[in-house]
Amino acid sequence: MSQVKLGDVAVESRETYKGDKTGMPIVGLEHITPGEVTLSNWDTDTDNTFTKRFRKGDMLFGRRRAYLKKAAQAPFDGICSGDITVIRAKEDCMLPELLPFIIQNDNLFDFAVGKSAGSLSPRVKWDNLKNYTFELPSMEKQKKLAEVLWSINDTLQAYQNLLTQTDALVQAQFVEMFDNVSDGDYIPLEKCCASIQGGSTPSMKHDEYYGGNIPFIKSGDVKDEYVSSGALWLTEKALKNTTAKYVPEGTVIVVVRSGILKNSLPVAIASNPVVINQDLKAFIPKPEFTSQYLAWAIRSNENKLLSMTRAMTVDNIESRELYSLPIKVAPIDLQHKFEFFVEQADKSKSTLQNTITSLQTTNRCILENALGTGRKE
């Protein structure tokens with residue numbers, strides 16, 4: 001086993017594509033989540049800003065500091081934006097199947113943040129990233145290691161699928177319980193809320209605004225039913241000097257403006273207070289509505305809301321259209337019954353999530369022991 005730098009076993013691909021892009025996968029930062037490319041339909045790049053070529057198996061790595069944990073292996077050939085670094089394994093010395101586990105480990109992200117440059121919009125350069133050091137075993141051991149890691153990863157995916165199936169069960173229960181409420185009136189969403197809050201992004205010119213302990217949530221951090229911690233954290237100074245403010249826990253979070261609105265409209269309930277950016281709206285329900293009921297009522301209108309998108313620089317749902325969304329006034333006791341059902345489903349999901357976390361820990365420990373990726377320089 002020898003110690004190597006990332007640049008010894010992988011390269012930054014600067015391959016370009018300038019031909020006809022019709023029907024090609026075009027990937028931006030908004031299409032990348034940690035470990036997955038979520039692009040489900042092909043876009044056409046009309047202004048020729050996307051020219052960087054990537055190949056199936058390459059790693060797509062968000063260059064800007066706010067998006068460093070957006071790293072995933074490309075499942076297809078395509079083109080991407082300049083904000084994405086394309087990393088390709090040197091197959092004569094490194095197994096491509098092992099590259100995702102090296103790129104996506106937390107120690108690399110810590111290293112990348114330490115090497116980020118620029119105050120206005122800090123970004124990581126490949127010239128610095130390539131100096132990340134780890135231990136690399138022989139090709140034969142790499143193959144065995146990759147087999148073990150991908151086997152665990154497949155098991156993880158199976159449990160993730162069970163989580164998805166549980167969500168589908170909750171959705172079916174919502175339809176069964178509330179579609180039969182024939183005497184309920186419909187009122188605009190804004191009439192269901194005690195208050196509606198918007199978000200903002202603190203100035204990127206102030207480095208002292210970042211690196212605190214306040215979770216700052218962007219559209220990509222909101223998934224159906226849950227809000228991730230995000231990759232960016234604010235300081236108390238950021239809140240004092242900007243219009244950004246806490247959104248209390250128990251608030252329904254809705255994505256208003258996002259480049260992925262063509263595919264889905266994430267709606268979630270924040271389990272902890274968070275600060276949201278301008279792409280999100282927060283709805284705090286009146287006592288006549290439970291958070292779970294209102295969240296699922298909004299989610300059940302996903303197709304209608306997506307049909308309202310306005311294509312500007314990104315897809316956009318105008319606030320007035322969202323506020324006017326008709327919500328059925330259901331009996332509060334029925335809402336509480338649904339809330340209880342969701343709580344039981346959440347318990348099952350919590351058990352699944354604990355198993356997923358355990359498998360992720362196992363994966364990380366195997367990787368650290370094999371490659372030394374958990375050890376600081």
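**Contacts, strands and helix packing in the predicted model**

Leaving aside neighbours within four places in sequence, glutamate 36 is in contact (heavy atoms within 4.5 Å) with His31, Ala71 and Ala72. The model is predicted: local features need pLDDT of at least 70, side-chain atom pairs count only at pLDDT 80 or more, and totals for chains, interfaces and linings use all residues. Residues are numbered from 1 along each chain as its sequence is written, and side-chain values use heavy atoms, with hydrogens and water left out.

Glutamate 36 lies in strand β5 (residues 36-37). Helices (H or I, at least four residues) and strands (E, at least two) are DSSP runs, numbered from the N terminus. The relative accessible area of glutamate 36 is 46%, so this residue is partly exposed. Buried means under 20%, exposed over 50%, and partly exposed in between, with a 1.4 Å probe and protein chains only. Alanine 74 is 38 residues away along the chain from glutamate 36, and their C-alpha atoms are separated by 8.0 Å.

The chain holds 10 helices and 25 strands. Of its 377 residues, 47% are buried. Among contacts with a separation of 6 or more, 76% join residues 24 or more positions apart.

Strands β3, β9 and β6 form an open sheet in the order β3-β9-β6, with mixed pairing. Its edge strands, β3 (26-27) and β6 (52-54), each pair on one side only. Two strands pair if DSSP finds at least two bridges between them. β6 pairs with strand β9 (residues 78-80) in the antiparallel sense over 3 bridges. Here phenylalanine 54 stands opposite glycine 78 in β9.

Strand β1 (residues 2-5) pairs with β11 in the antiparallel sense over 4 bridges. Glutamate 135 in β11 is the bridge partner of glutamine 3. Side chains alternate along β11 (residues 133-136).

Helix α7 (residues 291-299) and helix α10 (residues 332-371) have axes that come within 8 Å and cross at roughly 85°. Axes are lines fitted to C-alpha atoms, for helices over the stretch in contact, and angles run from 0 to 180 degrees between N-to-C directions. The two helices, α7 and α10, are therefore roughly perpendicular to each other (65 to 115 degrees). Gln292, Tyr293 and Trp296 of α7 meet Gln335, Phe338, Glu339, Val342 and Asp346 of α10.

Technical notes:
Angles under 35 degrees count as roughly parallel, over 145 as roughly antiparallel, 65 to 115 as roughly perpendicular and the rest as oblique.
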